[in-house]
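Dear colleague,

Please find below the structure that I am handing over to you. My findings follow directly after it.

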Amino acid sequence: MRKKLNYLFLVLVLLLCALIFSFSSDDGDQSSRKSSFVTALVLKVFVPNWNEMEEKEREALIERYSYPIRKTAHFLEYALLGFLSCGYLLTSSFSLLERKRIYNPLFAWAFSTLYAASDEIHQMFVGSRGPSVADVVLDSSGAIVGVLAMVAVTFVILRVKRRGE
């Protein structure tokens, strides 16, 4: 079971990395359109009278909330990457430092942070996009939250298992 779970985590990490890379490959206009679309979907859920609003009102709300929703998405996608990569390392049969498996969450966070930095470097080569140190910090913060969430989940699972024995 553990080996299957490990492979599942690996596949999900690779898929998420590919998805992040794909998003970063969009030029500035494409990225802006996608952000506006996602913002409209979020606002449609959380703004009670969204359907009754005039188009200008909707556009103003999209403009106002696009930035915080985009940054929240950054945070969440890297929280997920931290969670999944930590899950992969914790379910693996090896440790990056032999018997020091306690360091694996640190490695998962480092991997996620390095991926965030490489993603920003990638954006230097995409039209109308550029790197942002602030995004790396935000992404790294999301990653540590995801790693800590996986550590907490693992702790709870192990504790429940020990009680059942």
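In this predicted model, the axes of helix α3 (residues 55-91) and helix α4 (residues 104-123) come within 8 Å and cross at roughly 140°. An axis is a line fitted to C-alpha atoms, for helices over the stretch in contact, and angles run from 0 to 180 degrees between N-to-C directions. Helices (H or I, at least four residues) are DSSP runs, as are strands (E, at least two), numbered from the N terminus.

On the α3 side, the residues in contact include H74, Y78, L81 and C86, and on the α4 side they include F107, F111, S112 and Y115. Contact means heavy atoms within 4.5 Å. By type, the residues of this contact are 11 nonpolar, five polar and two charged (Ala, Val, Leu, Ile, Met, Phe, Trp, Tyr, Cys and Pro count as nonpolar, Asp, Glu, Lys and Arg as charged, and the others, Gly among them, as polar).

The largest nonpolar core has 17 residues, of which I20, Y78, L81, C86 and Y115 touch the most other members. Such a core is a set of buried Ala, Val, Leu, Ile, Met, Phe, Trp, Tyr and Cys residues joined through side-chain atoms within 4.5 Å, where buried means under 20% relative accessible area, exposed over 50%, and partly exposed in between (1.4 Å probe, protein chains only). At least two residues of this core come from each of α1 (2-24), α3, α4 and α5 (133-164), and α3 gives the largest share, seven residues. L81 touches V13, L16, C17, I20, F111, S112 and Y115, leaving aside residues up to four places away in sequence. A second, separate core of seven residues includes A40, L43, V47 and L61.

Helix α2 (residues 28-46) also meets α3: their axes come within 9 Å and cross at roughly 100°. The two helices are therefore roughly perpendicular to each other. Among the residues in this contact are V38, A40 and L43 of α2 and L61, Y65 and I69 of α3.

Overall, the protein has five helices and zero strands, and 36% of its 165 residues count as buried.

Residues are numbered from 1 along each chain as its sequence is written. Local features need pLDDT of at least 70, side-chain atom pairs count only at pLDDT 80 or more, totals for chains, interfaces and linings use all residues, and side-chain values use heavy atoms, with hydrogens and water left out.

Yours sincerely

Definitions and conventions: Angles under 35 degrees count as roughly parallel, over 145 as roughly antiparallel, 65 to 115 as roughly perpendicular and the rest as oblique.
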